[in-house]
Amino acid sequence: MNPIHPALNPTVSVHGLEVAYGTGAPVLRDLNWQMLPGEVVGLLGRNGAGKTTLLEALLGLREARAGSVQLFGRPAGVLDDEARARIGYVPQQSDLFDGFTPQQLLDYFRSFYPRWNTAKVEGLLSRWDIDRHRRIGKLSGGQQQRLSIIRALAHDPDLLVLDEPVASLDPAARRDF
């Protein structure tokens with residue numbers, strides 16, 4: 001990973017991060033790291049190693065026991081709407097609204113993002129053959145995962161966080177991704 005480089009403005013900056021569940025032993029301990037604009041980072045590790053925990057801490061979704069995380073120079077736990085609009089996230093488990101159709105879901109999320117890329121959304125819906133009028137709860141797991149990916153890419157984020165984005169995709173869709 002990239003060592004701390006103070007001369008550049010990092011997208012992600014982690015200093016002394018420690019995360020634990022309850023009062024148990026830390027899952028992450030004394031993590032120091034930064035990611036500069038344009039960098040691509042992959043996390044590899046066995047199940048339970050803390051990859052998802054780290055991603056959740058980076059996004060301010062999991063509270064740190066110690067240390068700090070900053071995104072775009074701001075504390076991750078208190079990001080404003082402008083900073084949040086610069087992040088795309090695909091969680092390990094789909095968090096879509098089952099009662100919505102893909103069209104309703106994407107229309108809803110479009111209202112939050114000033115840089116929504118309608119052409120990209122339309123192209124991916126077509127390419128991945130997602131029925132925009134079928135209830136999300138009736139889509140296959142792979143189709144739901146593709147929809148999560150579309151939602152994360154739709155606003156051309158500056159930071160894209162993917163937690164096992166292809167786990168529920170078939171081999172052809174994995175290659176396409």
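**View 1. Aspartate 163 and the residues it touches.** Leaving out residues up to four places away in sequence, aspartate 163 touches Thr52, Leu55, Val90, Pro91 and Gln92; a contact here means heavy atoms within 4.5 Å. You'll find aspartate 163 in the loop between β6 (159-162) and α6 (171-176). Those labels are DSSP runs numbered from the N terminus, with helices (H or I) of at least four residues and strands (E) of at least two. Aspartate 163 is buried but has no salt bridge. Buried means under 20% relative accessible area, exposed means over 50%, and partly exposed is in between (1.4 Å probe, protein chains only). A salt bridge needs a side-chain nitrogen of Lys or Arg within 4 Å of a carboxyl oxygen of Asp or Glu. For aspartate 163, the nearest side chain of opposite charge is lysine 51, 7.2 Å away. Lys and Arg count as positive and Asp and Glu as negative, while His and the chain ends aren't counted.

A quick note on the model: it is predicted, so local features need pLDDT of at least 70 and side-chain atom pairs count only at pLDDT 80 or more, while totals for chains, interfaces and linings use all residues. Residues are numbered from 1 along each chain as its sequence is written, and side-chain values use heavy atoms, with hydrogens and water left out.

View 2. Look for threonine 11 in the segment before β1 (12-20). Is threonine 11 buried or exposed? Threonine 11 counts as buried because its relative accessibility is 7%. Setting aside neighbours within four places in sequence, threonine 11 is in contact with Met35, Leu36, Pro37, Gln70, Leu71, Phe72 and Leu159.

**View 3. Phenylalanine 100 in its loop.** Phenylalanine 100 sits in the loop between β5 (87-90) and α3 (102-110). With a relative accessible area of 31%, phenylalanine 100 is partly exposed. Not counting residues up to four places away in sequence, phenylalanine 100 touches Leu105, Tyr108, Arg134, Arg135 and Ile136. How far apart are the C-alpha atoms of phenylalanine 100 and serine 68? They are separated by 37 Å, and the two residues are 32 residues apart along the chain.

**View 4. Zooming back out to the chain.** The chain has six helices and six strands, and reading along the sequence gives you β-β-α-β-β-α-β-α-α-α-β-α. Of its 177 residues, 40% count as buried. Take the contacts between residues at least 6 apart in sequence: 64% of them join residues at least 24 apart. Along the principal axes, the C-alpha atoms fill a box of roughly 45 × 35 × 30 Å.
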